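Me: I am new to this kind of reading, and I would like to go through the features slowly. Could you begin with the terms and then turn to the case at hand?

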Amino acid sequence: MTSSHPWQEPTASDALSSTGGQRWDRLFTDLESELASAADAEFTAEVADRTRRELAVVRLVDRLRAAIGSELTVTVDSAGPSTVSGVLRDVGADWALLAADAGNQLGARVLLPLAAVMTLRGLPFAAVAPGSEGHVAARYDMRMVLRRLVRDRAVVTLLLRSGDVVFGRLDRVGADCMDVTAQEPGERRVSRALRHTQTVPCAALALVRLE
(Lines give C-alpha, C1' and ligand atoms only; values in the text may rest on other atoms or scores of the structure.)
Protein backbone atom coordinates (compact mmCIF):
# COMPACT_ATOMS: atom_id res chain seq x y z
CA MET A 1 0.00 0.00 0.00
CA THR A 2 1.39 3.34 -0.97
CA SER A 3 0.73 6.57 0.87
CA SER A 4 0.57 10.06 -0.55
CA HIS A 5 3.67 12.08 -0.28
CA PRO A 6 3.23 15.13 1.97
CA TRP A 7 4.06 17.49 -0.87
CA GLN A 8 2.27 15.53 -3.56
CA GLU A 9 0.17 17.60 -6.02
CA PRO A 10 -3.62 17.52 -5.19
CA THR A 11 -5.64 15.20 -7.33
CA ALA A 12 -8.82 16.13 -9.25
CA SER A 13 -10.99 14.50 -6.56
CA ASP A 14 -9.26 16.60 -3.90
CA ALA A 15 -10.00 19.77 -5.89
CA LEU A 16 -13.67 18.79 -6.33
CA SER A 17 -13.96 18.02 -2.63
CA SER A 18 -12.46 21.41 -1.73
CA THR A 19 -14.69 23.27 -4.17
CA GLY A 20 -17.78 21.43 -2.95
CA GLY A 21 -17.01 22.32 0.65
CA GLN A 22 -16.67 25.98 -0.21
CA ARG A 23 -19.97 25.90 -2.05
CA TRP A 24 -21.72 24.34 0.97
CA ASP A 25 -20.19 26.97 3.22
CA ARG A 26 -21.42 29.74 0.92
CA LEU A 27 -24.88 28.15 0.74
CA PHE A 28 -25.26 28.00 4.51
CA THR A 29 -23.88 31.53 4.86
CA ASP A 30 -26.43 32.79 2.32
CA LEU A 31 -29.25 30.92 4.05
CA GLU A 32 -28.29 32.35 7.45
CA SER A 33 -28.12 35.83 5.94
CA GLU A 34 -31.55 35.43 4.33
CA LEU A 35 -33.06 34.12 7.56
CA ALA A 36 -31.54 36.99 9.54
CA SER A 37 -32.87 39.51 7.01
CA ALA A 38 -36.32 37.95 7.12
CA ALA A 39 -36.29 37.99 10.93
CA ASP A 40 -35.19 41.64 10.94
CA ALA A 41 -37.90 42.56 8.44
CA GLU A 42 -40.54 40.68 10.46
CA PHE A 43 -39.40 42.35 13.67
CA THR A 44 -39.42 45.80 12.03
CA ALA A 45 -42.92 45.20 10.62
CA GLU A 46 -44.14 43.98 14.03
CA VAL A 47 -42.72 47.06 15.78
CA ALA A 48 -44.25 49.37 13.16
CA ASP A 49 -47.62 47.64 13.47
CA ARG A 50 -47.51 47.78 17.25
CA THR A 51 -46.56 51.47 17.12
CA ARG A 52 -49.48 52.19 14.79
CA ARG A 53 -51.87 50.36 17.14
CA GLU A 54 -50.55 52.25 20.14
CA LEU A 55 -50.80 55.61 18.35
CA ALA A 56 -54.33 54.81 17.23
CA VAL A 57 -55.62 54.96 20.82
CA VAL A 58 -53.68 58.08 21.95
CA ARG A 59 -56.08 60.98 22.60
CA LEU A 60 -55.41 64.70 22.77
CA VAL A 61 -56.10 64.64 26.51
CA ASP A 62 -53.43 61.92 26.97
CA ARG A 63 -50.83 64.12 25.28
CA LEU A 64 -51.93 67.17 27.25
CA ARG A 65 -51.56 65.32 30.56
CA ALA A 66 -47.98 64.51 29.62
CA ALA A 67 -47.40 68.19 28.73
CA ILE A 68 -48.33 69.83 32.06
CA GLY A 69 -45.76 72.57 32.66
CA SER A 70 -45.13 73.11 28.94
CA GLU A 71 -45.53 76.43 27.13
CA LEU A 72 -48.35 76.16 24.58
CA THR A 73 -50.06 78.42 22.08
CA VAL A 74 -53.68 77.41 21.64
CA THR A 75 -56.15 78.58 19.00
CA VAL A 76 -59.81 78.23 19.92
CA ASP A 77 -62.88 78.25 17.72
CA SER A 78 -64.06 81.85 18.02
CA ALA A 79 -64.72 84.77 15.70
CA GLY A 80 -63.14 87.13 18.25
CA PRO A 81 -59.70 86.97 19.97
CA SER A 82 -58.90 83.33 19.49
CA THR A 83 -55.28 82.63 20.39
CA VAL A 84 -53.85 82.34 23.89
CA SER A 85 -50.32 81.42 24.96
CA GLY A 86 -49.14 80.28 28.36
CA VAL A 87 -48.10 77.41 30.58
CA LEU A 88 -50.36 74.37 30.79
CA ARG A 89 -51.28 74.02 34.48
CA ASP A 90 -53.85 71.22 34.61
CA VAL A 91 -55.97 68.94 32.46
CA GLY A 92 -59.34 67.38 33.18
CA ALA A 93 -61.62 65.00 31.34
CA ASP A 94 -62.56 67.55 28.68
CA TRP A 95 -60.74 70.78 29.59
CA ALA A 96 -57.31 72.32 30.04
CA LEU A 97 -56.20 75.14 32.33
CA LEU A 98 -53.67 77.56 30.87
CA ALA A 99 -51.77 80.24 32.81
CA ALA A 100 -51.70 82.87 30.07
CA ASP A 101 -48.73 85.16 29.45
CA ALA A 102 -48.92 88.47 31.29
CA GLY A 103 -49.19 90.43 28.04
CA ASN A 104 -51.90 88.26 26.58
CA GLN A 105 -55.15 90.09 25.95
CA LEU A 106 -57.15 87.17 27.31
CA GLY A 107 -55.69 87.64 30.77
CA ALA A 108 -54.40 85.37 33.51
CA ARG A 109 -55.76 81.84 33.84
CA VAL A 110 -58.18 80.53 31.26
CA LEU A 111 -60.20 77.33 31.16
CA LEU A 112 -60.30 75.83 27.69
CA PRO A 113 -63.00 73.35 26.63
CA LEU A 114 -61.14 70.79 24.53
CA ALA A 115 -64.10 70.66 22.14
CA ALA A 116 -63.35 74.28 21.17
CA VAL A 117 -59.59 73.83 20.65
CA MET A 118 -58.59 74.14 16.99
CA THR A 119 -54.77 73.93 17.05
CA LEU A 120 -51.93 73.69 19.56
CA ARG A 121 -48.31 74.71 19.12
CA GLY A 122 -45.58 73.42 21.42
CA LEU A 123 -47.34 70.20 22.42
CA PRO A 124 -44.75 67.46 23.05
CA PHE A 125 -45.32 64.08 21.41
CA ALA A 126 -45.19 62.21 24.73
CA ALA A 127 -48.47 60.87 26.10
CA VAL A 128 -49.82 59.48 29.34
CA ALA A 129 -51.07 55.95 28.73
CA PRO A 130 -54.79 56.00 27.88
CA GLY A 131 -56.89 55.00 30.85
CA SER A 132 -54.26 55.84 33.48
CA GLU A 133 -55.85 58.68 35.41
CA GLY A 134 -52.88 59.76 37.46
CA HIS A 135 -54.24 62.88 39.16
CA VAL A 136 -57.53 63.99 40.66
CA ALA A 137 -58.37 66.63 38.03
CA ALA A 138 -58.52 63.93 35.35
CA ARG A 139 -61.83 62.74 36.82
CA TYR A 140 -63.53 66.15 36.63
CA ASP A 141 -65.35 67.29 33.52
CA MET A 142 -66.02 70.89 32.51
CA ARG A 143 -69.45 71.05 34.15
CA MET A 144 -68.05 69.94 37.51
CA VAL A 145 -65.42 72.68 37.38
CA LEU A 146 -68.02 75.31 36.45
CA ARG A 147 -70.29 74.18 39.32
CA ARG A 148 -67.39 74.72 41.71
CA LEU A 149 -67.15 78.28 40.39
CA VAL A 150 -70.90 78.72 41.05
CA ARG A 151 -70.35 77.65 44.66
CA ASP A 152 -67.61 80.27 44.96
CA ARG A 153 -69.89 82.93 43.38
CA ALA A 154 -67.18 83.51 40.82
CA VAL A 155 -67.23 86.30 38.25
CA VAL A 156 -66.19 85.10 34.81
CA THR A 157 -65.66 86.26 31.27
CA LEU A 158 -66.95 83.81 28.68
CA LEU A 159 -65.59 84.01 25.15
CA LEU A 160 -68.10 82.34 22.87
CA ARG A 161 -67.49 80.61 19.56
CA SER A 162 -69.50 83.37 17.92
CA GLY A 163 -66.90 85.88 19.08
CA ASP A 164 -69.31 87.42 21.62
CA VAL A 165 -68.17 88.03 25.19
CA VAL A 166 -70.36 87.45 28.24
CA PHE A 167 -69.24 88.94 31.57
CA GLY A 168 -70.88 88.36 34.93
CA ARG A 169 -71.43 86.09 37.90
CA LEU A 170 -71.82 82.41 37.17
CA ASP A 171 -75.09 81.45 38.87
CA ARG A 172 -76.17 78.00 37.67
CA VAL A 173 -74.76 75.16 35.59
CA GLY A 174 -77.05 72.49 34.18
CA ALA A 175 -76.39 69.43 32.06
CA ASP A 176 -75.57 71.44 28.93
CA CYS A 177 -76.01 75.13 29.74
CA MET A 178 -75.22 77.80 32.33
CA ASP A 179 -76.72 81.07 33.62
CA VAL A 180 -74.60 84.19 33.93
CA THR A 181 -75.92 87.32 35.65
CA ALA A 182 -74.59 90.55 34.16
CA GLN A 183 -72.16 92.54 36.27
CA GLU A 184 -69.96 95.56 35.64
CA PRO A 185 -66.19 94.92 35.71
CA GLY A 186 -64.85 95.78 39.16
CA GLU A 187 -68.25 95.54 40.90
CA ARG A 188 -68.40 93.30 43.95
CA ARG A 189 -72.17 92.97 43.75
CA VAL A 190 -74.57 92.87 40.87
CA SER A 191 -76.21 96.24 40.20
CA ARG A 192 -80.03 96.26 40.23
CA ALA A 193 -79.98 98.07 36.89
CA LEU A 194 -77.91 95.27 35.36
CA ARG A 195 -79.61 92.36 37.07
CA HIS A 196 -80.42 90.31 34.00
CA THR A 197 -79.34 86.79 33.24
CA GLN A 198 -78.11 85.19 30.05
CA THR A 199 -78.22 81.47 29.46
CA VAL A 200 -75.25 80.11 27.55
CA PRO A 201 -75.09 76.58 26.07
CA CYS A 202 -71.90 74.78 27.14
CA ALA A 203 -71.29 73.92 23.49
CA ALA A 204 -71.02 77.66 22.70
CA LEU A 205 -67.96 78.18 24.94
CA ALA A 206 -64.56 78.92 23.44
CA LEU A 207 -62.92 79.68 26.79
CA VAL A 208 -63.64 80.79 30.34
CA ARG A 209 -61.56 83.40 32.15
CA LEU A 210 -61.84 83.64 35.91
CA GLU A 211 -61.85 87.28 37.04
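Reply: Helices (H or I, at least four residues) and strands (E, at least two) are DSSP runs, numbered from the N terminus. This is a predicted model, in which local features need pLDDT of at least 70 and side-chain atom pairs count only at pLDDT 80 or more, while totals for chains, interfaces and linings use all residues. Residues are numbered from 1 along each chain as its sequence is written, and side-chain values use heavy atoms, with hydrogens and water left out.

Me: Which element gives the most to the lining of the largest pocket?

Reply: On a 1 Å grid over the protein atoms alone, a pocket is an open set of points with protein on both sides within 12 Å along at least five of seven lines, a cavity is a set where a 1.4 Å probe fits but cannot get out, and lining residues have an atom within 4 Å of a point. Grid points are joined across faces, edges and corners, and a volume is the space filled by probe spheres set on the points. Here the largest pocket has a volume of about 360 Å³, and α3 gives the most to its lining, with four residues. Of the 15 lining residues, Trp95, Leu97, Leu111, Val145 and Leu149 lie nearest the centre of this pocket.

Me: How many residues of each class are in the lining of the largest pocket?

Reply: Ala, Val, Leu, Ile, Met, Phe, Trp, Tyr, Cys and Pro count as nonpolar, Asp, Glu, Lys and Arg as charged, and the others, Gly among them, as polar. The lining of the largest pocket has eleven nonpolar, no polar and four charged residues, whereas that of the largest cavity, a space of about 30 Å³, has ten nonpolar residues and neither polar nor charged ones.

Me: How many salt bridges does the structure hold?

Reply: In general, side chains of opposite charge can pair when their charged atoms come close. A salt bridge is a side-chain nitrogen of Lys or Arg within 4 Å of a carboxyl oxygen of Asp or Glu, and the structure holds eight of them. One of these joins Asp62 and Arg65, at 4.0 Å from N to O; the two residues are three apart in helix α2 (residues 60-66), and therefore separated by about one helical turn.

Me: Is Asp62 buried or exposed?

Reply: Buried means under 20% relative accessible area, exposed over 50%, and partly exposed in between (1.4 Å probe, protein chains only). Asp62 is buried, at 1%, and Arg65 is buried too, at 11%.
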